[in-house]
Amino acid sequence: PHEVIIAGPDNAITARELNEALLQLLAGEEVDGGPGPIIFVPPVGQGEQLWLTLDLEPGTYIVVCSFPDVTGSGHVHAELGMRQTFIVTE
């Protein structure tokens, strides 16, 4: 399974920092100096597709999957390359 997490705009945040902030938020904890606005889309399974239409403010965003690697590497998918930065211009 994979999930979609979008943070931004204009956050200088790593995939691990985003994952840690997400875990804190899901546990009901406050995140000081956190990643700003977060859009979280629950997991999608094998063979499923996901389409999102979002009205985002201009800025730089990061989209990641923070699911753990099933091979036991101790990394989340985003740390293994499942991440993308994108810019909204209008």
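His 77 is found in the loop between strand 3 and strand 4 (83–88), where strands are DSSP runs of E with at least two residues, numbered from the N terminus. The model is predicted, so local features need pLDDT of at least 70 and side-chain atom pairs count only at pLDDT 80 or more, while totals for chains, interfaces and linings use all residues. Residues are numbered from 1 along each chain as its sequence is written, and side-chain values use heavy atoms, with hydrogens and water left out.

His 77 is buried, with a relative accessible area of 13%; buried means under 20%, exposed over 50% and partly exposed in between, with a 1.4 Å probe and protein chains only. Not counting residues up to four places away in sequence, His 77 touches Pro 1, His 2, Cys 65, Phe 67, Pro 68, Asp 69 and Met 82 (contact means heavy atoms within 4.5 Å).

The structure holds one aromatic pair. Tyr 61 and Phe 86 form this pair, which is stacked, at 5.4 Å centre to centre and 10° between the planes. Rings of Phe, Tyr and Trp (its six-membered ring) pair if their centres lie within 6.5 Å; planes under 30 degrees apart count as stacked, over 60 as edge-to-face and the rest as tilted. Because Tyr 61 lies in strand 3 and Phe 86 in strand 4, the pair ties together parts that are 25 residues apart in sequence. Tyr 61 is buried, at 6% relative accessible area, whereas Phe 86 is partly exposed, at 26%.

Leu 54 is found in the loop between strand 2 (38–44) and strand 3 (59–64). Its relative accessible area is 38%, which means that Leu 54 is partly exposed.

Conventions. Helix = DSSP H or I, 4+ residues; strand = E, 2+ residues; numbered from the N terminus.
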